Amino acid sequence: MSAGVAFAGPLSGRLVVHYDVGLLMAVAALLGAVGALGVSLVSELPVWLPLFGILGLGVGINYALVNQGALAAVPPEKAGAASG
């Protein structure tokens with residue numbers, strides 16, 4: 001899952017330039033849901049590991065976009081608190 005999250009940060013930065021943020025968040029939430037559902041239904045390691053990667057990708061993209069949205073909505077002097 002960590003690998004998916006680590007890959008998602010730079011990926012979300014590239015995607016947000018080309019696509020609507022709401023659409024990206026919806027697709028990322030769907031990816032996360034598919035990954036979470038798959039992990040809960042599968043017990044074989046070769047299938048389980050990629051599903052955790054998909055889950056991490058969805059969570060990571062949404063985390064980056066939500067963080068970006070929070071920082072854009074606050075004054076610069078409150079950025080530290082908003083990023084937390």
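Tutor: Contact means that heavy atoms lie within 4.5 Å. In this predicted model, Ala28 touches Gly58, Ile61 and Asn62, not counting residues up to four places away in sequence.

Student: What makes Ser12 a buried residue?

Tutor: Buried means under 20% relative accessible area. Ser12 has a relative accessible area of 4%, so Ser12 is buried. Ser12 has its place in helix H1 (residues 2–15). Leaving aside neighbours within four places in sequence, Ser12 is in contact with Ile61, Ala64 and Leu65.

Student: Which residues form the largest nonpolar core?

Tutor: That core has six residues: Ala8, Leu24, Ala28, Leu57, Ile61 and Leu65. Helix H2 (21–41) and H3 each supply at least two residues of the core, and the largest share, three residues, comes from H3.

Student: Why is the pair of Trp48 and Phe52 called edge-to-face?

Tutor: The structure holds one aromatic pair. The ring centres of Trp48 and Phe52 are 4.6 Å apart, and centres within 6.5 Å count as a pair. The planes stand at 85°; angles over 60 degrees count as edge-to-face, and therefore this pair is edge-to-face.

Student: Why is Trp48 called partly exposed?

Tutor: Buried is under 20% and exposed is over 50%, with partly exposed in between. Trp48 has a relative accessible area of 30%, and therefore Trp48 is partly exposed.

Note on methods: Residues numbered from 1 in each chain as written. Predicted model: local features only at pLDDT ≥ 70, side-chain atom pairs only at ≥ 80, totals over all residues. Heavy atoms only, no water. Phe/Tyr/Trp six-rings, centres within 6.5 Å; stacked < 30°, edge-to-face > 60°. Buried < 20%, exposed > 50% of the residue type's maximum accessible area, 1.4 Å probe, protein only. Core = buried A, V, L, I, M, F, W, Y, C linked by side-chain atoms within 4.5 Å. Helix = DSSP H or I, 4+ residues; strand = E, 2+ residues; numbered from the N terminus.
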